[in-house]
Amino acid sequence: MVAAASQTLRRTALFDRHVAAGARLVPFAGWEMPVQYAGVREEHLAVRRHAGVFDVSHMGEVETRGPGALAFLQRMLSNDVSKIAVGGAQYSVLCREDGGVLDDLFTYRLGDDRFLTVTNAANHAKDLAWLRAHADGFEVELLDRLDDYAMLAVQGPAARGLVAPLLGDGEQLPARFRCAELHVAGAPALVCGTGYTGEDGVELLCAPADAPALWDALLAAGVVPAGLAARDTLRLEACFHLYGNDLMESRGPIEAGLGWCCKEETSFVGADAVAAVRAAGPAERLAPFAFTGPGIPRQGNAVVGGGEVTSGTLSPCRGVGIGLAYVPADRAAVGTQIEIDVRGKVRPAVVEDKPLYRKAA
Amino acid sequence: MADASYPDELLYHPEHDWAQIDGDVATFGITWYAQDSLGEVVFFDPPEVGTQVRQGESYAEVESVKAVSDVIAPLSGEIVEVNADLADAPERINDDPYGAGWMVKVRLADAGERDGLMDAGAYQAQLG
């Protein structure tokens, strides 16, 4: 709310580093963020072939702790939180009572009674208020940790190999979907085996004061700075949802293809609504698609015969237009020919399986 | 991308388009500033030959990874040629915006319209 009303954009701890690296900085969810450095395509391919680092410090963190932490998160998050071991990570959505998606989140279990949940920047205040409004009756403490963490995502086939030498003596990188409190470039950091690019890699959460030295160490190791534009093209090739594009309060997780992270038997807020849609079958589904000819789909383009594009771009790896669109459920099957109205020009496309880009084996 | 440049032999429209007039035909393109603001151009959707374009109105679309922009006609007339090479190599708009990145050639409808365009100095002054 404050961000929307104010002209003042927040800067991450790495702002000076972005300027020094030649970044183009743009307003994003109330923050002044690097959208690109050398160029979107070059950064995209650097992540696919080598390793890139993204400053994602605008993302929020909520720490949930106390004897009731597990029971509380089990009530709030769609996934089965009891399945997260200490040092584990899990993806879930946060739903309204009617199943509408408030946010999509990664939650890391730092201890038996201590969890850290990463929120989308634009949703952080809303999420925190929603969680606090439901905390009565749980023996739980909710801490806004947004200002306590900078977050760097190091992604690409070479990412782990370049980060590992920066760890403290005797420390090892956590496996995929695991996390560990370690030291990177001499400073304490929560190291998570997660990402948003479809590549292997880690996400590093550290104190903002330690972030510049960590950034410098990563660049010195050969990691390439990558901006939010490349992050978007990478996640879309991988078919990862972007909240505000592909996820919204007016649609539920089943429609979005996120039924796999909804465990209605845990009785999370919204579980009844989600179960009803799952049982009846959704009226529409989010379908990955690729153009079979020229053009680039964009958010808001209509699907001919019903539906809308929620994300679209030119795939740097495939060289064709790709996107995600909500379409009538009977037109969401892989191989279905669809047409997208791109500002008055009808462009043929085909529904594909996800991901939209996969490395040759 | 080359460094900023605004050749003296061109005329400029405030929407960041240039025209090079040769008799009754003009070549159109976008300026260095326009391509730099767009970022890497990944798609150019040309108009059909024979289309009438009007000064100050959109005649084509150019897309970067993130955004779509209209391309504004600096002068009115009929399109007599489009740069077909941009279909496979739209990055020429970034690499050489006044040369290989030209977009269309137009048979001019009104020789007097050019008086409304700027020279390189006035255009750069507008950029600030």
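Student: How many residues of domain 1 of chain A are in contact with domain 3 of chain A?
Tutor: 8 residues of domain 1 of chain A are in contact with 6 residues of domain 3 of chain A, where contact is C-beta atoms, placed from the backbone, within 7 Å. Keep in mind that this is a predicted model: local features need pLDDT of at least 70, side-chain atom pairs count only at pLDDT 80 or more, and totals for chains, interfaces and linings use all residues. Residues are numbered from 1 along each chain as its sequence is written, with chains lettered from A and ligands numbered from 1 in the order written.
Student: Which elements of domain 1 of chain A touch domain 3 of chain A?
Tutor: Helix 3 (40-49) and helix 8 (228-237) of chain A each give two or more residues to that side; helices are DSSP runs of H or I, at least four residues, numbered from the N terminus. Helix 3 of chain A gives the most, with 4 residues.
Student: And where do the domains of chain A run?
Tutor: Domain 1 is 2-57 + 149-236, domain 2 is 60-141 and domain 3 is 284-361, with bounds from an automatic or database domain assignment. The C-alpha centres of domains 1 and 3 of chain A lie 29 Å apart.
Student: Switching topic, how much of chain A is buried?
Tutor: Buried residues make up 48% of the 361 in chain A, buried being 20 or more other C-beta atoms, placed from the backbone, within 10 Å of a residue's own.
Student: What does the C-alpha trace of chain A span?
Tutor: About 55 × 50 × 45 Å along its principal axes.

Conventions. A residue is buried if 20 or more other C-beta atoms lie within 10 Å of its own, exposed if 12 or fewer, and partly exposed in between; C-beta atoms are placed from the backbone. Two residues are in contact if their C-beta atoms, placed from the backbone, lie within 7 Å.
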